[in-house]
Amino acid sequence: SLLSHLTLAGLSPVFEHPREMRKRLWLKLGVNVVINPLTALLNCRNGEILEDMPSLPPSLLSSSLRGLMRELCEETAAVAAAVEREEQNTTTFPSSSTPSSLPSSSMPTAEELQVVKNQENTTTPSSLPSSLPPSSMPTADELELFTVQVAKATAGNQSSMLRDLIT
């Protein structure tokens, strides 16, 4: 079977409910919403958006870079929540595919997410909890945490938007 071939190849395939996959897509979108435009505007590498920038463009002088990151995460979370509300109003799932009938796995608590957020060592996206709550879109806190982790893990990289501007 495909599962056994993937396992023999050293991969660890897991089943994820479509709502979990959608949450992961929103997390990725949130990273792109923050990292791409900020690195392009500031002409810097991914990790540099986590540092205090000595010279911000005049359009960014009124807010700190971290504050701007937070605002972008809040906006993305608000859009994700609105999309989820709209989908809940228009979509019904057969009882056989509801999250409660699927195998459950351990899900991170708010405290666990805070512990990860407070860690000072390098945290990579692969060290994120492998299971996310299937019934919700990411919060601004989750988006910010994930964005910081990705920026740290890819600190020396140039974002695709910055590369597009300089090539």
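Student: How many helices and strands does the chain have?

Tutor: The chain has six helices and zero strands; these are DSSP runs, H or I of at least four residues for helices and E of at least two for strands, numbered from the N terminus. This is a predicted model, where local features need pLDDT of at least 70 and side-chain atom pairs count only at pLDDT 80 or more, while totals for chains, interfaces and linings use all residues. Residues are numbered from 1 along each chain as its sequence is written, and side-chain values use heavy atoms, leaving out hydrogens and water.

Student: Which residues touch the most other members of the largest nonpolar core?

Tutor: In soluble globular proteins, nonpolar side chains tend to be buried together. A nonpolar core is a set of buried Ala, Val, Leu, Ile, Met, Phe, Trp, Tyr and Cys residues joined through side-chain atoms within 4.5 Å, and buried means under 20% relative accessible area (1.4 Å probe, protein chains only). Here the largest core has 19 residues, and Val-34, Ile-35, Leu-38, Ile-49 and Met-69 touch the most other members. Helix 2 (18–42), helix 3 (65–90) and helix 5 (140–153) each supply at least two residues of this core.

Student: What is Leu-38 in contact with, leaving aside neighbours within four places in sequence?

Tutor: Contact means heavy atoms within 4.5 Å. Leu-38 has Ile-49, Leu-65, Leu-68, Met-69 and Leu-72 as such partners.

Student: At roughly what angle do the axes of helix 2 and helix 5 cross?

Tutor: Two packed helices are described by the angle and the distance between their axes. Axes are lines fitted to C-alpha atoms over the stretch in contact, with angles from 0 to 180 degrees between N-to-C directions. The axes of helix 2 and helix 5 cross at roughly 65° and come within 9 Å.

Note on methods. Buried means under 20% relative accessible area, exposed over 50%, partly exposed in between (1.4 Å probe, protein chains only).
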